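The structure itself is shown first.

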Amino acid sequence: MGATFAVPNKPRKPKNIILMIGDGTGLVHLYAAYTAKGGQLNIYDYAKALGLSITASFDDYITDSAAGATAISTGKKTRNGMIGMDPDSSTLKTLFEEAFEKGISTGAVVTCELPHATPASFYAHQPSRKMYSQIAADMTLNPAASILIGGGLPYFDTLALKKAGYTVSIGTEAMERNQGKRQVCFTDTLKEPLPAPLRGPTLQKGSMHAIRHLSKNKKGFLLMIEGSQIDWGAHNNDSAHTIAEAIDFDNAAGEVLKWAQKDRNTLVIITADHECGGLTLHGYDKTRNRPVMHFSSGHHTAEPVPVYAYGPGSEDFCGVYQNTEIYNKMIRLLGL
Ligand SMILES: [Zn+2]
């Protein structure tokens, strides 16, 4: 009797990609959430492949969120502050715009205002992230977006959104009833959404609403989900806010990964644009049930960030590479 050998599985290509970005979320931010959750994290439970992304921008050792997201959305390093443009201010086509041209649907769900740097870098092209009204106008007129969920209603012209074919809703309940072919679902009427846990599970509910909407397209979809405020907690060296946001992000990831497990055709990539706060953990605080957290900075750092991947194509994300490779890997896997 000869030994039996396992036939190597032919690498499968994903039909859909869900890209989850924890803004400012290094290795330690998620481990802090794991500790505060009593030793469990959905991202750790599901991750099948782990890599490291080097986040430096075109002009700086330390990136900002605009250059960081533009690297992932376009495959090009640019100057800090620039949105969907190369260092010479030429417009770059984003992955989402390329996918849309091939009949693939795209969307974004965030816990910041929609014209903020990360979501903007997938749907807008402006020389400065501060140009909120121009970015909001770009997002309104960009045909690639099928669904946008987040805050920042005061920056948008709702009549222009309706004219562009969007069904606009405000609040989580209205979002869940929104059946529009194209949707903009504002989570509230504020300029900037509330912090976790005050705002409620808008990221989790928004992510699942977006997946239900986008998965109607038989050709597939791309969805970007951002835990936007992990970065804000870290900038403020606010341990409680940083942990609450990291747990909120992991809660959304848990629902997304459970859906992807059933779907079997979806690659989930979970990463960050950069680290923020130079966070280290110095022990366990029993009275607060959380780690003792020390921030060495109020800004971003140069630390490479983890890339967790689950689903068909996840093995491509092992290794150490530049953030622009995340774009190249997605393009290759989708055959774009
Ligand atoms: Zn930041």
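In this predicted model, Ala-309 is in contact, once its neighbours within four places in sequence are left aside, with Ala-47, Lys-48, Ala-49, Leu-267, Val-268, Ile-269, Ser-314 and Phe-317. Ala-309 also belongs to the largest nonpolar core, which holds 94 residues, and it is listed with Ile-18, Met-20, Leu-223, Val-256, Val-268 and Ile-269 as the residues that touch the most other members. Helix H11 (residues 239-263) supplies the largest share of this core, namely 10 residues. In soluble globular proteins, nonpolar side chains tend to be buried together.

**Strand pairings**

Strand E2 (residues 49-54) is joined by 5 bridges to strand E13 (residues 305-310), and these two run antiparallel, whereas the 4 bridges between E2 and strand E14 (residues 319-322) belong to a parallel pair. Within these pairings, Ser-53 stands opposite Val-305 in E13, while Ile-54 stands opposite Gln-322 in E14. Elsewhere, strands E10 (residues 279-285) and E11 (residues 290-295) run antiparallel and are joined by 6 bridges.

| Strand pair | Bridges | Direction |
|---|---|---|
| E2 and E13 | 5 bridges | antiparallel |
| E2 and E14 | 4 bridges | parallel |
| E10 and E11 | 6 bridges | antiparallel |

E10 and E11 form a hairpin that has 4 residues between the two strands, and in its turn Asn-289 has a positive phi of about 55°. Gly-283 has Val-292, in E11, as its bridge partner.

Is Leu-52, which has 17 other C-beta atoms within 10 Å, buried, exposed or partly exposed? Because a residue counts as buried at 20 or more such atoms and as exposed at 12 or fewer, Leu-52, with 17, is partly exposed. Leu-52 lies in strand E2, and, when neighbours within four places in sequence are left aside, it is in contact with Pro-304, Pro-306, Val-307 and Val-320. Leu-27 is 25 residues apart from Leu-52 along the chain, and the C-alpha atoms of the two are separated by 9.8 Å.

**Helix H12**

In helix H12 (residues 324-334), the buried residues include Glu-325, Ile-326, Tyr-327 and Lys-329, together with Met-330, Leu-333 and Leu-334. Just after H12, Gly-335 takes a positive phi of about 70°.

Note on methods: Residues numbered from 1 in each chain as written. Predicted model: local features only at pLDDT ≥ 70, side-chain atom pairs only at ≥ 80, totals over all residues. Contact = placed C-beta atoms within 7 Å. Pairing = 2+ DSSP bridges. Core = buried A, V, L, I, M, F, W, Y, C linked by C-beta atoms within 7 Å.
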